[in-house]
Amino acid sequence: MAKNIVKYHSIYLFISILTLIGFITGLCYYKVQNDSIKQNIKESINIEKDLSSGTNNILKRTKSSVNILINSFLIITQLSNISNVFIKPFEIGFISSFLSTYNFKLSIIYTTIYHIIPLLFSLILTRISITISINIIKLLIKRDKKTFKHLKLIFLKYILITSFLLIYEIIISIFSTNINSYLMTFI
């Protein structure tokens with residue numbers, strides 16, 4: 001893993017900076033809203049109702065992983081993967097800032113379990129998808145067996161990371177009622 005970080009340091013640096021900017025922007029965006037808008041948001045999002053039901057994001061994460069992979073084949077659509085590197089952390093920052101109005105500990109636990117950990121998997125998948133796009137371009141320019149073998153290895157990594165993400169979501173869906181009942185104690 002450390003060898004991959006060094007090898008793809010520029011991609012990881014770009015993803016990290018864009019993610020951090022998105023998260024900070026999301027945090028600040030909620031805080032700069034006036035009180036009437038904050039009250040409308042609080043009324044439209046019933047946190048007690050959301051926490052009283054179990055959470056199952058397996059289909060959502062599967063769809064997201066497949067979209068990232070498809071966008072890596074269609075090189076122009078890779079821009080949507082890159083834009084999600086900003087948009088998803090922005091949403092997490094907004095949700096975190098909103099939940100901190102209830103309780104800071106609730107905000108940290110909820111966003112970490114339900115959003116930040118899947119985001120990390122998604123960011124790794126995005127980095128892999130960028131590598132897939134680069135290798136597809138290399139393969140189109142010069143038909144090299146080494147590039148083709150490397151592309152197959154990258155696909156296996158992508159499937160492995162997606163499997164870990166789905167296993168994580170299955171575990172979360174099993175324990176979501178317990179987690180949510182614990183989070184309800186903070187409200």
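Modeller: The axes of helix H5 (residues 58-73) and helix H8 (residues 145-184) come within 9 Å and cross at roughly 165°, where axes are lines fitted to C-alpha atoms, for helices over the stretch in contact, and angles run from 0 to 180 degrees between N-to-C directions. That makes H5 roughly antiparallel to H8, a term for angles over 145 degrees.

Biologist: Where do the helix names and numbers come from, and what is the model?

Modeller: Helices (H or I, at least four residues) and strands (E, at least two) are DSSP runs, numbered from the N terminus. This is a predicted model, in which local features need pLDDT of at least 70 and side-chain atom pairs count only at pLDDT 80 or more, while totals for chains, interfaces and linings use all residues. Residues are numbered from 1 along each chain as its sequence is written, and side-chain values use heavy atoms, with hydrogens and water left out.

Biologist: Back to H5 and H8: which way do they cross, left-handed or right-handed?

Modeller: H5 passes H8 in a right-handed crossing, meaning that the near helix is turned clockwise from the far one by less than a right angle. On the H5 side the contact (heavy atoms within 4.5 Å) includes Ile58, Arg61 and Phe73, and on the H8 side Phe155, Tyr158 and Ser173 are among the residues involved.

Biologist: What classes are those contact residues?

Modeller: The residues of the contact of H5 with H8 divide into nine nonpolar, four polar and two charged. Here Ala, Val, Leu, Ile, Met, Phe, Trp, Tyr, Cys and Pro count as nonpolar, Asp, Glu, Lys and Arg as charged, and the others, Gly among them, as polar.

Biologist: And how do H7 and H8 cross?

Modeller: The axes of H7 and H8 come within 10 Å and cross at roughly 170°, and the two helices are therefore roughly antiparallel to each other. H7 passes H8 in a left-handed crossing, and the residues of that contact divide into 27 nonpolar, eight polar and four charged.

Biologist: Stepping back, how many helices and strands are there in the chain?

Modeller: The chain has eight helices and zero strands, and its C-alpha trace spans about 60 × 35 × 30 Å along the principal axes.

Biologist: New topic: how much space lies in the largest pocket?

Modeller: About 270 Å³ of space lies in the largest pocket, a volume being the space filled by probe spheres set on grid points joined across faces, edges and corners. On a 1 Å grid over the protein atoms alone, a pocket is an open set with protein on both sides within 12 Å along at least five of seven lines, a cavity is a set of points where a 1.4 Å probe fits but cannot get out, and lining residues have an atom within 4 Å of a point. Of the 15 residues lining the largest pocket, Lys60, Arg61, Lys88, Glu91 and His115 lie nearest its centre.

Biologist: What about the second largest pocket, which helix gives the most to its lining?

Modeller: H7 gives the most, with four residues, and the volume of the second largest pocket is about 210 Å³. By class its lining has three nonpolar, four polar and five charged residues.

Biologist: And which residues line the largest cavity?

Modeller: The lining of the largest cavity consists of Ile68, Asn81, Asn84, Val85, Lys88, Ser122, Leu123 and Thr126, and about 40 Å³ of space lies in this cavity. H6 gives the most to that lining, with four residues.

Note on methods:
Angles under 35 degrees count as roughly parallel, over 145 as roughly antiparallel, 65 to 115 as roughly perpendicular and the rest as oblique.
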